[in-house]
Amino acid sequence: MKQIYLDYASTTLIDKTVAKAMTVCQAKIYGNPGSLHQVGQLAKKEILKARTKIAKILNCKPEEIIFTGSGTESDNLAILGVMRTNRLSPACRQAGMITTDIEHHAILNPAEQLGKEGYKILKIGVNKDGFVDLEELKKNISSETVLVSIIYANNEIGTIQPIKEIAKMIKEKNPKTLFHTDACQATGYLDLNVQNLGVDLMTINAGKIYGPKGVGLLYVKAGTKIEPIIFGGGQERGLRSGTENVAGIIGLATALELVQKNHKKESLREIKLRDYFIKQILQKIPKTVLNGSLENRLPNNINISFLDVEGEAMLLWLDKYGICVSTGSACDSLNLDPSHVILALGKPYEYANGALRFTLGRSTTKKDLDYVLKVLPKIVADLRKISPVRVKI
Amino acid sequence: MINKKNKKTGDVENWVYSDKVREHFFSPKNLMLKDPKKEEFSAEGQVGSPACGDVMKIWIKIDKKNERIKKLKWRTFGCASAIASTSMFSVMVTEKGGMKLQDALKIKPQDIMKRLHGLPARKVHCSVLCDKAFRQAVNNYFRNTKQYSRIIVDGAKIVDKNLNITDKDIESAVLDGAKTLQDVQAKLKVGVGDPSAIPEIEQLIRFYNEKYYG
C-alpha cells in the first residue's frame with residue numbers, strides 16, 4: 001500500500017542530497033574535532049564550514065551558533081541557561097520569564113521547572129485565532145523580566161507570530177530583556193535573518209527541514225549571559241559539551257541551505273494545496289471547524305476539529321488506509337491530556353479531543369489529498385454512528 | 001497487565017496496540033447502530049464526558065427469569081482502547097448464552113485487558129469505563145424492576161477529609177498514569193488538604209501501581 005505521509009510537522013523525510021553529504025562525511029571524517037592531529041582537525045574544519053554556511057543564512061557570526069542534540073535541547077539551553085545565570089543575584093526571586101500558552105512542551109516543561117526553582121514564570125494567552133496578545137505582553141514586561149520566549153510558528157495550528165514586531169516592542173519596554181524564539185516549525189518557510197527579526201536566541205532543528213533527526217542548533221547573540229546545562233569537555237564555547245555530531249551538523253547545514261533556497265516557490269505550492277484541502281473538508285464533512293487563523297498560517301499546516309469523534313480513532317482508521325496524520329487529542333501518543341494549544345484558543349475540550357493535524361510537505365500532491373478526501377468522510381460518518389456524543393456547535 | 005509483546009521488545013513506552021485490540025477496534029462487535037425501539041432493552045447506562053475524552057453508553061436486555069444477559073449493545077466516543085474494550089466486554093457478557101448478572105458484575109478491567117492481550121499502560125483508564133457503564137445500566141435495571149435493595153453503591157472511602165478525596169480518586173489517578181504523590185496531586189488538581197492523610201495516600205498510590213502495573 002502506498003503511504004500518504006501528511007505528518008511533516010512531526011518530522012520530514014531526509015533529502016537525498018543531505019543523506020549523501022552525511023554518508024560521505026561518515027565514511028571519511030571519523031576524527032574527533034577536539035583532537036589536535038590532522039584527522040581530528042579535518043573534522044573540525046568540516047564543522048567550521050557548516051557553521052559558516054549557517055551563519056550566512058541566519059545573518060550572524062559563526063561563533064553565535066551552538067550545535068545541540070535536538071530542538072528540545074536548544075529550547076532547554078535557551079531558557080534554563082539564560083534564567084539560571086540569575087541564580088546568585090540578590091534579585092533572583094524577582095527574575096522573571098514570560099512565555100505563552102501555546103508553546104511546545106520543550107518550553108513549557110523547563111519553564112515549569114524554573115518555577116519550582118523559584119523564578120517567576122508568566123504565561124500569556126492568545127486570541128481565538130491563535131495570536132499572542134501583544135497588549136498583555138507589553139503590560140507585563142518590567143525591569144525584572146529577564147527573558148521572553150515565544151514560538152515563531154506554532155507546531156499544532158501553524159499560526160505565525162509577528163516576531164519582528166514583538167522583538168521591537170520588548171526592547172522598547174526593556175532593552176535588557178532577552179528574546180528567544182523557537183523556530184523549529186518556521187525554519188522551512190519563514191525569514192530566519194536574526195538581525196531582521198531582532199531576536200537574541202533562536203532554536204532550529206534539522207529533523208523538520210529534510211535533515212537528520214537528533215541535531216539542532218541554538219543561535220545565541222554575542223554577549224548574551226547564558227550558562228550550560230550539559231557539562232564536560234567544553235565544546236561549543238562551553239555551552240554544549242560532548243563530542244560533536246559531525247555528520248549530523250553537516251546534514252543540518254546542507255538541509256538548511258536547500259530549504260532556504262527553495263522555500264518561496266514551495267510555500268506557494270503548499271498554500272494552494274492547504275487552502276484547497278481545508279475548503280473541501282469543511283464543505284464535505286459537517287460539524288468541522290478549522291483551528292487557528294487561515295491568515296498568517298504556515299503553508300503546510302491544517303488543523304481541524306471533527307466534532308463527536310475522537311482524534312485517535314480517526315488516526316488509526318486513516319492509518320489503515322495508509323494515511324499518516326497526527327492528533328491534537330487526549331489520546332495523542334504519550335501525553336493523554338487534551339491539546340493545550342486548542343484549549344488556549346478558548347475552545348472547549350470536545351474540540352481538542354476531536355482534532356486532527358495534517359501537515360504537508362515537498363512530496364505531497366493534490367492526488368494524495370483527493371485520496372484523503374475520498375476516505376475521510378466515511379470514516380468520520382462511521383465513527384459518528386457509534387458515538388453517543390452530540391456536541392452542539 | 002502490560003502488553004507482553006512490548007515487554008519482550010523492550011519498548012519502554014508500551015505504546016503499541018495488540019492485534020486483538022486492533023481487531024475489536026476495526027470490527028467492533030455488538031454496536032448500537034440505529035436508535036433502539038421502545039421496550040427493546042431492559043435498561044441503559046452511560047458514563048464519562050467528551051471533555052475527559054471518553055463517553056460510553058450501554059444498553060442491556062436481561063432475561064428476567066434467569067437473570068442472564070440476552071443482549072448488550074453500546075456506543076463509544078473515545079480512542080481505540082476505549083472502543084476495543086467495550087467491544088470485548090460486550091462479547092464476554094453475551095457469549096455462551098449470556099452471563100448471569102451477578103457474574104458479569106464481577107468482571108474487572110484486568111479481565112477485559114487479558115482477553116484483549118493487554119493494553120498500553122497509559123490507556124488502562126479507558127477500559128475501566130465500560131464496566132462502570134455496565135454497572136450503571138444494571139443499577140437502572142434494578143430501579144426499573146423496583147429491586148431497590150440490589151442497587152450497588154460505590155464503596156468509596158474518604159482518605160483526605162478536608163478535600164473529600166477518596167480511594168477511588170486515587171485509583172483513577174494511578175490508572176491515568178500517576179506514579180507519585182506529586183503526580184496524583186497534579187491529576188486531581190488539588191494539593192493535600194489534610195497532611196495527616198499523606199502516608200495513607202502514598203500507600204494507596206503504591207498499592208494501585210502494583211495492582212495495575214506491577
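Two residues are taken to be in contact if their C-beta atoms, placed from the backbone, lie within 7 Å. Helices (H or I, at least four residues) and strands (E, at least two) are DSSP runs, numbered from the N terminus. The structure is a predicted model, in which local features need pLDDT of at least 70, side-chain atom pairs count only at pLDDT 80 or more, and totals for chains, interfaces and linings use all residues. Residues are numbered from 1 along each chain as its sequence is written, while chains are lettered from A and ligands numbered from 1 in the order in which they are written.

The model has an ipTM of 0.83 and a pTM of 0.87. Within chain B, confidence is highest in strand β3(B), at 94, and lowest in helix α1 (residues 4-9), at a mean of 46. Over residues 1-10 of chain B pLDDT stays under 50, and for this stretch the model has 21 contacts beyond four places in sequence.

In chain A, helix α12 (residues 366-385) has 20 residues. From first C-alpha to last, α12(A) reaches 29 Å, close to the 28 Å expected at 1.5 Å a residue, where the expected span is 1.5 Å times one less than the number of residues. A bend of about 30 degrees is found in α12(A) at A:V375, and a proline, A:P377, follows within four residues; the bend is the angle between axes fitted to the seven residues ending at a position and the seven starting there. Buried residues of α12(A) are A:L369, A:V372, A:L376, A:I379, A:V380 and A:L383. A residue is buried if 20 or more other C-beta atoms, placed from the backbone, lie within 10 Å of its own, exposed if 12 or fewer, and partly exposed in between. The buried residues of α12(A) pack against β1 (4-5), α8 (246-284), β10 (301-306), α9 (311-320) and β11 (323-324) of chain A.

The contact between the chains takes 21 residues from chain A and 23 residues from chain B. On the side of chain B that touches chain A, two or more residues come from each of α2 (19-26), β2 (54-63), β3 (68-77) and α3 (80-94) of chain B. The most is given by β3(B), with three residues. By class, this side of chain B has 13 nonpolar, five polar and five charged residues. Here Ala, Val, Leu, Ile, Met, Phe, Trp, Tyr, Cys and Pro count as nonpolar, Asp, Glu, Lys and Arg as charged, and the others, Gly among them, as polar.

Chain B is assigned domain 1 (4-150) and domain 2 (158-213), with bounds from an automatic or database domain assignment. The contact between them takes five residues from domain 1 of chain B and six residues from domain 2 of chain B. The side of domain 1 that touches domain 2 in chain B divides into three nonpolar, one polar and one charged residues.

Most residues other than glycine have a negative phi. A:N296 has a positive phi, near 50 degrees, and lies in the loop between β9 (288-290) and β10 of chain A. A:N296 counts as partly exposed because it has 15 C-beta neighbours inside 10 Å. The phi of B:K146 is also positive, near 60 degrees. B:K146 is placed in the loop between α6 (124-144) and β4 (158-160) of chain B, and is exposed, with 7 other C-beta atoms within 10 Å.

Definitions and conventions
pLDDT is the predictor's confidence in each residue, from 0 to 100.
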